[in-house]
Amino acid sequence: MSATRPLRFGAEPSGVTRAVILIVAAILFITPIVALIEFSLRVGQPLKGVQTYGPLHYLAIFNPASSGAYQELFQGIGNSLIICVITIVIVLVLLLPTMLLVELRFPKLRRVLEFICIVPITIPTVVLVVGFVPVYSAVVGIFGSAPWTLAFAVGVIVLPYAYRPIAANMAALDLAVLSEAALSLGASWGSVLSRVILPNLRRGIFASSFITIAVVLGEYTIATFLSRNVFQTALVQLQRTDPFVGAIFAVFALLFGFILLLIIGRIGSVGRNRKAS
Amino acid sequence: MTTAVASAPAATTRGARTPTRSRRRSAVWVGLLPFLAYVVIFLAVPAVLAVASGFFDSKGVFTFDNLKALTNPQILNQFLASFGVSAVTAVIGAVVGAVICFALMGTKPDGVLRTVVDSASSVLAQFGGVMLAFAFIALIGTQGLLTQTLVHAGWVLNPLNHFGNNGTLLYQVPGLVIPYLYFQVPLMVLTFMPAMEGLKATWGEANATLGGTRFTYWTRIAMPILAPAFFGSLILLFANSFSSYATAAALISQGGIIPLAIKQATSSETVVGIANVAGVLALGMVIVMVILMSAYGLLQRRAARWQR
């Protein structure tokens, strides 16, 4: 008997237990998403308890006659994409060089930098925005009130998420030795950076850029408090007038985020396999 | 390691480069300044302003008077509601999440199953917010799939559309528990899984050779070891729910919990006849978060002993 079913000593569940738990959890978690899709396909009110379905609301998005209704949403998506790009620039131009500098020249500051990057998780965004309101009245004076300026505030919220993948990548390498090896072979700092350090960090950099995109597209709190139009705020507005199209975009946004994080997961596990072999 | 880095330039320097190098070394500090400036302007200043604004009256004079807002029954009730929702969702979320972690034990960390679970958990735990609210409007809102199914089945006034004589459950504070669980459980999976993976197979074998059953393994070995990590994650879940805003804002238009009260206070200056209520509420939230995070740090340090 033990040949077909090996004895279990430790914490691992049996195959049946695992399957039951995971299937129940999967059903519970998929149900609201299914309801969201069902909702987006509804046509009209149910007649005698029978609901008719069709792609009516999907077609409406592409109908030029109704495009006015979705203009704010598309504008919000556009603004969110611009904020995405600027936030990634903030991560790559401010955070990444600082992390490299700390790693190579000021290793004693590593804990300080880590602490700074974790702080935004500890302070609720809804608290930070109370402080962002006066800060932004100064920002508006310098940069104007264009939606892209939100990237400065969003960049702070992104810090913990963007920091971790790069830090994990750095921890797996010995950047000091790598760069000294390259320098002693006659490389300039420029080529050390472009041909040794950055290629070795590309997984961490990709992962934090993707997660930055996911955070920016999901950001709602800062934009509402500062009354700017981004994807999420436009979605909430649209939900009040046209909940069906709101549902469509919510489904796609969740799916998009899921795919982004799936890619991050794959990038991460490719790295783990390589290290193990 | 520090000394190796510090002495390295000397070792690699060729004569002609010396002046550039020394200038570069003194200039290296400058490289930290842009990030420092950014963090000061957009993290330190807003955080201090948010909390400090609670200590000034409408004319900008320093005062402790605003703090009496924290004893205002209307605000106290919202703090209690926040604590209630956070506690319920943290406990249920932690238990359900731990059961899912248990089911995932022994699966390959790089396998398809775990990658999908991890990605789905991250989406729901960190970026779901508004979209989750919509999903539950579609499921248990007034016109929701489940609500309508119950109505057509003959249960016209069911708990989903007629909760506590106040209408739809989802648009009331207790109703927040349901959508909140959909980001709490995934967060538990993300934070508790590393601790679960820290359980070593050899401990199970040791237990078996000493004549222990799987029951004794769980009660005498696994649970005591996992306890600090479990309670640490529970606190994290509480903090997460306590500070979450987007889902509630998409569902409830007035106040009800503290993050919503902050929004109300910023849009209309005098909610309870006290200046800068938003700042006072922010202060209250920060105090709660500091207590929670200190407790989390302590438990995490205790839990880390077994995670190597």
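1. Between chain A and chain B the count of salt bridges is 0; a salt bridge is a side-chain nitrogen of Lys or Arg within 4 Å of a carboxyl oxygen of Asp or Glu. The model is predicted: local features need pLDDT of at least 70, side-chain atom pairs count only at pLDDT 80 or more, and totals for chains, interfaces and linings use all residues. Residues are numbered from 1 along each chain as its sequence is written, chains are lettered from A and ligands numbered from 1 in the order in which they are written, and side-chain values use heavy atoms, with hydrogens and water left out.

2. The interface of the two chains brings 93 residues of chain A into contact (heavy atoms within 4.5 Å) with 87 residues of chain B. The size of an interface is often given as the accessible area lost when the parts come together. Chain A and chain B bury about 7600 Å² between them, with carbon and sulfur atoms giving 77% of this area. Buried area is the accessible area (1.4 Å probe) that two parts lose on being put together, summed over both.

3. Chain A is divided into domain 1 (15-54) and domain 2 (65-276), with bounds that come from an automatic or database domain assignment. Taken over C-alpha atoms, the centres of domain 1 and domain 2 of chain A are separated by 33 Å. Their contact takes 6 residues from domain 1 of chain A and 7 residues from domain 2 of chain A.

4. About 560 Å² is buried between domain 1 and domain 2 of chain A, and carbon and sulfur atoms give 90% of that. On the side of domain 1 of chain A, Leu36(A), Phe39(A) and Ser40(A) lose the most area to domain 2, together 73% of what that side buries. Across this interface of domain 1 and domain 2 of chain A the rule finds 0 salt bridges.

5. Helices are DSSP runs (H or I, at least four residues), numbered from the N terminus. In chain A, the axes of helix 3 (residues 67-104) and helix 8 (residues 189-200) come within 14 Å and cross at roughly 100°. Helix 3 of chain A is therefore roughly perpendicular to helix 8 of chain A, as angles of 65 to 115 degrees count as roughly perpendicular, under 35 as roughly parallel, over 145 as roughly antiparallel and the rest as oblique. Axes are lines fitted to C-alpha atoms, for helices over the stretch in contact, and angles run from 0 to 180 degrees between N-to-C directions.

6. Leu96(A), Leu100(A) and Leu104(A) of helix 3 of chain A meet Trp189(A), Leu193(A), Ile197(A) and Leu198(A) of helix 8 of chain A. By class, this contact of helix 3 with helix 8 of chain A has 7 nonpolar, no polar and no charged residues. Ala, Val, Leu, Ile, Met, Phe, Trp, Tyr, Cys and Pro count as nonpolar, Asp, Glu, Lys and Arg as charged, and the others, Gly among them, as polar.

Note on methods. Helices (H or I, at least four residues) and strands (E, at least two) are DSSP runs, numbered from the N terminus.
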